[in-house]
Amino acid sequence: MKRTRALTAVLASVTGLVACAGLVGCAGQDVTAKAEPPALERFYQQQLDWKACDNPKLDPVGGQCAVVTVPLNYADPQGATTTVAISRLASPEPAKRRGAMLSNPGGPGGSGLDFMIDVGAAMTPDVRAQYDLIGMDPRGVGRSAAVNCHWPRGFGLESAGVDAASFAESVATQADFAARCATTEAARLPFISTRNTARDMDVIRGALGVDKVSYFGTSYGTYLGAVFTQMFPERSDRIVLDSAADPDAYGPVGMMQAMGPANEAALDLWADWAAARDNEYHFGSSRAAVRATVTDLIQRSAKQPIRLGGFEIDDHTVPTLLFVGLDDQRAYEMVAGQLRQLVDAADGKAVQPDDQLRGNLEHIFDTKDGDGSPQMAVMCGDVAAPRDPAFYLRNIEAARASQPVFGAFANNITSCAFWAPPAEAPTAVHNSVPSLILNATGDTRTAYQGAVALHQKMTGSAFVTLQDVSIHYIFGRFPNTCVYSAVNAYLRDGTLPTSDTTCRAD
């Protein structure tokens with residue numbers, strides 16, 4: 001049963017728990033100031049040793065992998081180093097190759113070694129021939145000396161639940177996550193940041209022996225791409241930012257809050273779809289009835305966690321499961337099937353989760369493949385978060401009326417509230433580097449208005465809208481003739497659309 005201890009007692013127990021915890025750069029001083037190029041020469045001129053990747057996706061398609069050595073702290077290039085794992089899908093026609101394309105699949109904290117397989121498949125053959133496609137596990141992620149704080153569960157984000165007692169549980173959980181990171185990764189955390197990953201990308205460029213790099217990034221990868229263009233405009237070639245984040249809103253508060261209304265809107269569309277199939281799913285024959293099924297399940301799980309497949313699913317988790325599924329409108333059937341399993345289990349029926357639901361639950365709870373601490377290491381290392389738990393509780397309660405399912409998720413406290421201050425200020429993005437920005441109006445992860453804001457800040461950009469589609473990450477994931485044509489034309493000859501373009505589903 002849910003704990004009912006007083007909120008104030010929990011808040012008192014975590015006040016000051018991990019205020020600095022011995023982290024280097026705790027006072028917020030600049031510990032990664034730009035070094036003079038001669039001090040970095042050995043990194044830029046290193047020779048890469050390409051080998052088989054030992055990756056089930058890359059190896060069958062001829063991918064090669066290498067390890068790049070970079071400074072842990074760019075302000076101290078003679079000091080400690082770390083490594084960044086990269087992959088290469090070479091141009092199938094080397095005579096037509098014009099350069100290398102770096103990439104990032106999002107997260108933050110997403111492994112990107114095999115990301116470019118799908119992106120490359122979306123390219124026309126003549127475009128694909130022009131690029132060596134470079135995947136990357138950013139510093140602190142995957143094979144790049146992954147951060148591992150040894151959390152008791154996998155995913156670092158959760159809903160605040162239904163009331164103040166549930167929120168108190170989140171405060172305790174997130175404080176514990178931060179404390180574990182401060183204990184296990186104190187020496188490295190100040191240097192796990194987007195600005196340092198951008199610097200790593202420039203070292204990779206030098207090691208590849210090219211003067212400029214093209215780039216394809218999606219989700220958080222659009223923020224990384226925007227930061228790279230700001231820091232290294234002269235090294236930026238053809239830049240595609242798919243499903244884009246507003247750099248001014250990026251971080252553990254603004255970026256998360258933007259997801260609330262977007263996910264509620266997506267839930268409305270899914271509820272309409274499910275209502276039309278009440279004979280199959282039995283959630284109700286109207287949007288309101290389907291929504292009532294969802295909110296009732298959340299309330300029930302708060303009183304008695306749902307036991308399913310060895311997991312206990314409560315009001316922190318049910319909205320998170322819905323969030324995972326609503327980023328692609330083609331997954332409506334999957335979302336409905338998972339909700340049906342949850343409702344049946346809550347009703348006491350003998351249910352075993354299907355493979356998809358089990359996979360999602362393992363992602364949230366299990367730690368056998370590591371935990372979600374790399375994601376929070378990057379986000380918390382980039383942008384400071386408000387430290388007062390009351391700030392989050394006020395926002396949660398204010399959002400409940402208009403965001404009854406996702407307001408408590410999008411406004412909840414994260415471990416960043418208990419993290420040491422970032423070593424550097426966030427990057428102010430305002431440049432004229434040519435780029436192509438893509439976004440769907442129904443995107444639930446990087447809300448559409450964020451892409452519009454990035455387009456305004458990157459004055460040399462062109463903007464392609466995918467209208468009335470709920471999808472996050474388009475090129476390489478959601479086939480669309482109009483969007484794909486715009487991307488391929490730009491990558492082929494560097495020509496951006498002369499005006500903003502609106503595409504619709506095929």
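The buried residues of H11 pack against H8, helix H10 (287–303), strand S9 (311–313), helix H12 (332–346), H13 and helix H16 (407–410). Buried here means under 20% relative accessible area, with exposed over 50% and partly exposed in between (1.4 Å probe, protein chains only). Helices (H or I, at least four residues) and strands (E, at least two) are DSSP runs, numbered from the N terminus. This is a predicted model, in which local features need pLDDT of at least 70 and side-chain atom pairs count only at pLDDT 80 or more, while totals for chains, interfaces and linings use all residues. Residues are numbered from 1 along each chain as its sequence is written, and side-chain values use heavy atoms, with hydrogens and water left out.

Stay with H11. Seven of its eight residues are buried, so H11 is largely enclosed by the rest of the structure. The buried set is Val 318, Pro 319, Thr 320, Leu 321, Leu 322, Phe 323 and Gly 325.

One partner of H11 is H13. Helix H11 (residues 318–325) and helix H13 (residues 355–365) pack at an angle of about 115°, their axes 11 Å apart. Axes are lines fitted to C-alpha atoms, for helices over the stretch in contact, and angles run from 0 to 180 degrees between N-to-C directions. From H11, Thr 320, Leu 321 and Val 324 make the contact; from H13, Leu 357, Asn 360, Leu 361 and Ile 364 do. Contact means heavy atoms within 4.5 Å.

Next comes H8. Asn 263 is found in this helix, residues 254–275. Its relative accessibility is 1%, so Asn 263 counts as buried. Leaving aside neighbours within four places in sequence, Asn 263 is in contact with Phe 323, Leu 326, Phe 406 and Thr 444. Phe 323 is also one of the buried residues of H11.

Now the strands. Seven of the nine residues of strand S3 (residues 81–89) are buried, so S3 is largely enclosed by the rest of the structure. Strand S2 (residues 64–71) pairs with S3 in the antiparallel sense over eight bridges. Two strands pair if DSSP finds at least two bridges between them. Val 70 stands opposite Thr 82 in S3. S3 also pairs with strand S5 (residues 131–137), again antiparallel, over five bridges. There, Ser 87 has Gly 135 of S5 as its bridge partner.

The structure holds four disulfides, each a pair of cysteine sulfur atoms within 2.5 Å. Cys 53 and Cys 65 form one, with sulfur atoms 2.1 Å apart. The torsion about their S-S bond is about 100°, so this disulfide is right-handed. The pair links distant parts of the chain: Cys 53 in the loop between strand S1 (51–52) and S2, Cys 65 in S2, 12 residues apart. Cys 53 is buried at 2% relative accessibility, and Cys 65 is buried at 9%.

Another disulfide joins Cys 149 to Cys 181, S to S 2.0 Å. Cys 149 lies in the loop between S5 and helix H5 (164–184) and Cys 181 in H5, so the pair ties together parts 32 residues apart in sequence. The link of Cys 149 and Cys 181 is right-handed, with 110° about the S-S bond.

Cys 380 and Cys 416 also form a disulfide, their sulfur atoms 2.0 Å apart. Their S-S torsion is about -85°, so the link is left-handed. Cys 380 sits in helix H14 (residues 373–382) and Cys 416 in the loop between H16 and strand S10 (435–440), 36 residues apart. Both Cys 380 and Cys 416 are buried.
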